[in-house]
Amino acid sequence: MRLFSALLIGLLAASPAMADGFDKIDDRDTFVEVIKDKKLKRFGIDLTVSPGGEIAGRAFGRSVTGAWQWKSGYFCRDLYWGKRDLGPNCQAVKIQGETIRFISDQGTGQFADLVLK
């Protein structure tokens with residue numbers, strides 16, 4: 001279950017994040033511009049991150065709900081997967097084309113890439 005928690009922290013744990021041609025998103029306005037009116041998708045995951053601070057969707061057959069805010073250059077969220085509280089985590093966010101990357105633990109942890117649709 002820890003792996004799945006990392007999935008939704010950084011959404012599907014992969015490996016430690018590297019540069020890989022991604023550009024860091026440093027401010028809330030840029031982040032909102034990127035996610036506005038988009039779904040964040042990956043196999044088994046379909047999420048909406050609203051400009052107003054809500055997270056909603058489904059992941060592997062369970063509902064996902066939560067809230068987010070921008071703090072000191074990081075996407076900070078509290079998240080539930082079904083009834084499981086995945087707790088808070090502040091994440092670095094990077095973008096490359098239509099791929100958005102969330103890197104847990106202020107950019108020092110696991111990452112996951114989602115497609116903006």
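Two strands pair if DSSP finds at least two bridges between them; helices (H or I, at least four residues) and strands (E, at least two) are DSSP runs, numbered from the N terminus. The model is predicted: local features need pLDDT of at least 70, side-chain atom pairs count only at pLDDT 80 or more, and totals for chains, interfaces and linings use all residues. Residues are numbered from 1 along each chain as its sequence is written, and side-chain values use heavy atoms, with hydrogens and water left out.

**Exercise 1. Strand β6 and its partners**

Find how many bridges join β6 to β7, and which residue of β7 is the bridge partner of Arg77.

Solution. Start with the β6 and β7 pair: the strands run antiparallel and are joined by 7 bridges. Within this pairing, Arg77 has Asn89 in β7 as its bridge partner. The two strands form a hairpin with 2 residues between them, where Gly82 has a positive phi near 65 degrees.

Next take β5, which is antiparallel to β6 and joined to it by 8 bridges.

Last, consider burial, where buried means under 20% relative accessible area, exposed over 50%, and partly exposed in between (1.4 Å probe, protein chains only). Of the 8 residues of β6, 6 are buried, so the strand is largely enclosed by the rest of the structure.

**Exercise 2. The disulfide**

Identify which residues the disulfide joins, and state whether Cys90 is buried or partly exposed.

Solution. A disulfide is counted when a pair of cysteine sulfur atoms lies within 2.5 Å. The structure holds 1 disulfide. The cysteines are Cys76 and Cys90, with an S to S distance of 2.0 Å. Their link is right-handed, with 115 degrees about the S-S bond. It connects distant parts of the chain, Cys76 being in strand β6 and Cys90 in strand β7, 14 residues apart. Cys76 is buried, at 7% relative accessibility, whereas Cys90 is partly exposed, at 22%.

**Exercise 3. The nonpolar cores**

Determine how many residues the largest nonpolar core has, and which element gives the most to it.

Solution. A nonpolar core is a set of buried Ala, Val, Leu, Ile, Met, Phe, Trp, Tyr and Cys residues joined through side-chain atoms within 4.5 Å. The largest has 24 residues, and Phe31, Leu40, Phe75 and Ile100 have the most contacts inside it. Elements giving two or more residues include α2 (28-35), β6 (74-81) and β7 (84-96). The most come from α2, with 4 residues. Another core, of 5 residues, lies apart from it and has Tyr74, Cys76, Ile103 and Phe111 among its members.
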